[in-house]
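Reader: I am new to this structure. Please show me how to read its features, one at a time.

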Amino acid sequence: MISLWDSSLQEKISELHDDTWNIEIDETIVENNPARDWHQYISGSFAHFRCSLCRRTWGSSRVQVVFHFHLNRESRQGTIKLRCYKQECRTCNEAQWEEPNFPVENTDVLVEKLVKNIRKKCYGEDLGEANRSSVFDGRFDGPHESAHCEACQLGICSQAN
């Protein structure tokens, strides 16, 4: 999964001056609790899931994604930590938390918005009012079942609000 995020990031990295940025999955990060000197960007997107037990597939309209990011100015190295909240199959009694699979275009939109946040928060760029309320333009359809959403169960899913 990380290769899809990394390839999208590397395409857009030219906007981030001459610093090097990497992205890694970190399931320990907590929404609204970034480490000291780190920043946060939260969004949601459509994704597909496949049950590892019964092989059932489903789509969800709002899969919560949290990014924590930090630029070490001395080493010119930026780090992005990514957490994608999981869902469980509604038909299996012993359902496992399954990883989301995002369409490429949705990953690209999320990374593009992440890069805009990095430019504002790490580089102090003023991107103007037009970019403050941009609308998600990736694929965004399918139901959202709160009872089977990890983020909803933790009380942090934007769809539940």
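**Backbone angles and ring pairs**

Author: Start with Asp 37, in the loop between strand S1 (20-25) and strand S2 (39-50). Keep in mind that this model is predicted.

Reader: What is the phi of Asp 37 near?

Author: First the general idea. Most residues other than glycine have a negative phi. Asp 37 has a positive phi, near 70°. Asp 37 counts as exposed because its relative accessibility is 51%, and the cut-off for exposed is over 50%.

Reader: Which loop holds Arg 76?

Author: Arg 76 sits in the loop between strand S3 (57-72) and strand S4 (77-84). Its phi is positive too, about 60°, although Arg 76 is not a glycine. With a relative accessible area of 41%, Arg 76 is partly exposed.

Reader: How many aromatic pairs does a search of the whole structure find?

Author: Four. A pair of aromatic rings is described by the distance of the centres and the angle of the planes. Take Trp 5 and Phe 102: their rings are edge-to-face, 5.4 Å centre to centre, with 75° between the planes. This pair links distant parts of the chain, 97 residues apart. Trp 5 is in helix H1 (residues 2-12), and Phe 102 is in the loop between strand S6 (97-98) and helix H2 (104-123).

Reader: Are Trp 5 and Phe 102 buried or exposed?

Author: Trp 5 is buried, at 0% relative accessibility. Phe 102 is buried as well, at 8%. Now compare Phe 49 and Trp 58: this pair is stacked, 5.5 Å centre to centre and 10° between the planes. Both residues, Phe 49 and Trp 58, are buried.

Reader: Which residues do ring pairs link into a cluster?

Author: Trp 5, Tyr 41, Phe 67 and Phe 102.

Methods: Residues numbered from 1 in each chain as written. Predicted model: local features only at pLDDT ≥ 70, side-chain atom pairs only at ≥ 80, totals over all residues. Heavy atoms only, no water. Phe/Tyr/Trp six-rings, centres within 6.5 Å; stacked < 30°, edge-to-face > 60°. Helix = DSSP H or I, 4+ residues; strand = E, 2+ residues; numbered from the N terminus. Buried < 20%, exposed > 50% of the residue type's maximum accessible area, 1.4 Å probe, protein only.
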